[in-house]
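User: Hi! Could you walk me through this structure?

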Amino acid sequence: MNSIRVFLVTVILATIALFYFVAALRGYQSSMQEAERLFDKQLLDTARLIASLHAEQANNELGHDAGMAFQVWQGERLLAFSRNAPTTAIAPHRSGFGFANFAGYRWRTTAYFDAANGDWILVADRTDLRSALAENVILESLLPTLIGLPVVGLLIWLIVTGGLRPLRMLAKELASKQPDDLTPLATKTPKRELEQIVVSCNGLLQRLETSLLREKQFASDAAHELRTPISALKVQLYNLSREGMAEPHLLSELEQTVHRLKHSVEQILDLYRSSPDQFNATFEALDLSALARDVLAGECTAFDRKQQQLEFRGQPCTIAGDRFALTTLLRNLLSNANKYTPRGGQVLVTVGQKDDIVRLTVEDSGPGIPAEQGDLIFERFFRIGQDRHESGETGCGLGLAIVKRLVDLHRGHISIAPSRFASGTAFQVDLPRLRRQAAGGTTAPVSKLASKSTSLLILLLSATPLQAGPPIVEIEIRDHLFFPPEVVIPANTKVKLLIKNLDPTPEEFESYELNREKVISGNSQTVIFIGPLPAGEYPFFGEFYPKTAQGKVRVE
Amino acid sequence: MLLMSVILILQETLEAAMLVSILAAVTLQAGRHLSWLPWGFAGGCIMAFVYAANIQRISEWFDFVGQELTNAALQATIAAAIVLLAWRISRIYATGDAAAVAPGRHGSMFQVLCALIIGLAVTREGSEILVYLGGFLAQSDKSQAVLTGSAIGFGIGLSVGLLLFHGLLALGDKRWIPFALLGLFCGNMLAQSALQLTQADWLQPGPTLWDSSAWLSEHSVIGRLLYALLGYEANPSTAQVIGYLTGAAAVLAAALAPTRSVAKA
């Protein structure tokens with residue numbers, strides 16, 4: 001009964017039917033009364049007719065009518081009567097109408113005094129016959145309208161359906177609108193009742209668009225405004241520590257706090273960037289395996305710090321994806337595994353393909369995720385056990401929300417399962433595989449080093465040099481800042497720095513200590529090999545934006 | 001002929017249609033589905049047919065008061081089911097709307113009670129209609145008038161039911177309304193049951209308490225409507241009034257019982 005149409009049709013039809021039936025009933029009643037009056041008049045006329053005839057004549061003319069009976073009385077003497085009439089008086093000798101039962105029927109009676117002869121003429125006709133006669137006439141007039149009622153119902157249904165059509169069209173247009181489509185409704189000449197809705201909707205869409213634009217602007221401004229002081233803070237901290245003007249433990253606490261602040265700002269911005277109405281993806285054919293390996297190499301220091309064993313197994317798998325987005329995805333999953341896996345634990349990253357699916361799995365030997373919280377972990381700001389997580393790790397609860405969004409943007413699917421270790425979680429990301437034909441003949445920048453059967457093992461604990469080539473460390477330039485601002489590489493090892501400039505403006509990578517200098521144009525990437533180097537710290541900066549673009553390579 | 005058909009069919013249809021409307025409105029306001037309606041109606045039709053086909057034999061039971069006793073039993077069962085339903089609804093309201101939406105054991109009890117009430121009501125009213133129509137349709141010369149009258153009576157009853165249903169829904173989520181309507185109906189059923197038992201001489205009617213026939217005749221249109229809706233009786237016996245008050249009080253008690261226990265807790 002939630003349908004306006006059903007409501008209108010049933011209520012209108014019920015009202016019409018009720019009034020129509022009651023009216024029909026009243027009509028029937030008044031018609032019957034009128035018929036009775038006519039029949040009574042006819043009865044009286046018959047009595048007068050009999051009075052004007054002789055008894056024999058009356059018998060001949062009216063005696064054979066089974067529906068009619070008469071008696072002619074003179075005082076107490078019955079002069080004449082019809083065959084179906086009894087010999088007792090069928091009505092009192094008194095003018096007027098009445099009812100009497102005789103000969104097995106109910107009769108309508110009347111008495112007429114013939115003043116000329118001094119006779120009482122009593123006439124009767126059968127009520128069942130006269131009412132049947134009247135009823136048949138009235139029914140003939142009732143029936144067509146009764147049969148017409150279903151037709152009326154059908155017409156009401158069609159009219160109501162037609163009348164609600166503009167509303168249905170409007171609902172259809174609203175339903176077919178894409179989430180990011182903020183253009184005004186196309187409904188041209190709405191009915192007056194709908195005009196306000198359309199105008200309000202369009203006003204709302206307009207305001208929404210304006211506010212989204214403002215939000216976009218705000219995020220971009222905020223990113224710049226927040227990052228600059230954080231970077232400056234880091235530089236000042238570094239200077240402070242060099243000059244030894246502060247207590248080392250205070251400095252280290254301060255450093256941690258600044259790091260946390262920076263992480264939160266980064267994550268919030270990543271989340272914002274990955275929202276569907278902000279994400280400006282440039283999808284390209286790329287090898288997820290190679291990309292994963294690159295990211296792993298960049299993240300190795302964190303695992304190293306917790307003496308965790310990070311292993312990678314992969315085969316070349318081409319997908320259509322956004323390099324930056326997938327890097328963020330991998331980095332968040334790895335950071336998650338790193339944080340919640342205890343010291344000395346294991347983390348395994350695999351990339352494989354089956355049919356049309358490329359599956360990236362990140363497994364850890366951490367405490368695992370309770371099944372009932374399986375869906376919640378992808379919510380924004382959700383943290384298992386809130387901030388009292390036993391790992392003691394800080395976080396803002398955005399990492400997995402970002403991962404989920406990025407997976408969605410790639411039309412993929414993320415699920416969690418128990419890991420292959422004794423405890424822990426396996427995050428499985430399924431992405432659609434890109435067929436070579438679909439890629440338009442272009443081959444992805446597949447790493448030369450990875451072959452189908454290659455199972456690559458990066459043991460960061462021992463810092464074994466990679467057989468396949470130098471480890472890759474990725475640095476991004478975003479909003480004139482280096483991310484990460486500090487990279488850690490093993491000593492005495494050649495390292496490939498993959499530098500991506502995500503800003504539209506060009507930047508120049510410069511380091512006096514590393515003795516490197518290279519211009520990177522806007523929205524592009526480049527590679528700089530460094531090392532082998534002895535342990536130590538090697539600062540670098542962006543020459544075009546030296547105030548903010550500051551970083552260093554720590555060799556251990 | 002036509003008028004008689006209208007009156008008879010209307011009387012039976014109106015009572016069933018009003019009961020269906022009230023239960024349907026209550027069901028929707030309690031956030032339940034109307035799945036009891038087809039089951040109850042179909043079951044009632046079958047039972048009505050069985051009852052109508054065996055009306056002769058049933059009438060002979062208990063020294064020819066079998067029909068009264070059967071009707072009294074049907075009406076008393078309906079009254080008992082209404083009391084249970086009222087208790088069920090007050091539980092739904094007391095435990096909150098979230099529990100009402102969740103399907104489960106209590107949900108099926110609600111449906112069974114509604115189906116039972118409608119089934120029994122249709123059995124009683126439907127059997128009378130079937131007996132009436134069956135008798136008249138054998139006379140072919142009167143069948144047209146009877147059928148037309150039946151259609152008009154049925155149409156009026158159905159229309160009043162539909163309008164009552166939408167009217168009740170339009171009144172909104174006022175929680176005393178379902179209890180008030182169920183209370184009136186339950187009282188009506190027990191009063192009719194008492195009347196049937198009085199008729200069967202299984203119950204002493206007691207003195208007639210009042211006579212308002214001059215003021216509002218049971219045979220007037222309004223009188224008939226009130227009879228179907230409230231069980232209006234122009235000159236009720238003590239037994240009927242006691243039955244009516246018992247039924248209404250039982251629904252009231254069922255409506256208040258869980259609220260009180262919740263308040264205590």
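Analyst: Happy to; here is a short tour by topic. This is a predicted model, where local features need pLDDT of at least 70 and side-chain atom pairs count only at pLDDT 80 or more, while totals for chains, interfaces and linings use all residues. Residues are numbered from 1 along each chain as its sequence is written, and chains are lettered from A and ligands numbered from 1 in the order in which they are written.

User: Switching topic: what is the strand order in the open sheet?

Analyst: In chain A, five strands run S15-S21-S20-S17-S18 with mixed pairing; strands pair if DSSP finds at least two bridges between them. S15 (486–489) and S18 (516–520) of chain A are the edge strands.

User: How do S17 and S18 of chain A pair?

Analyst: They are antiparallel, over five bridges. Glu508(A) sits opposite Val519(A) in S18(A).

User: And which residues touch the most others in the largest nonpolar core?

Analyst: Ile82(B), Ile117(B), Cys186(B) and Val251(B), out of 84 residues. Such a core joins buried Ala, Val, Leu, Ile, Met, Phe, Trp, Tyr and Cys residues through C-beta atoms within 7 Å, buried meaning 20 or more other C-beta atoms within 10 Å of a residue's own.

Note on methods
Helix = DSSP H or I, 4+ residues; strand = E, 2+ residues; numbered from the N terminus. Buried ≥ 20, exposed ≤ 12 C-beta atoms within 10 Å, placed from the backbone.
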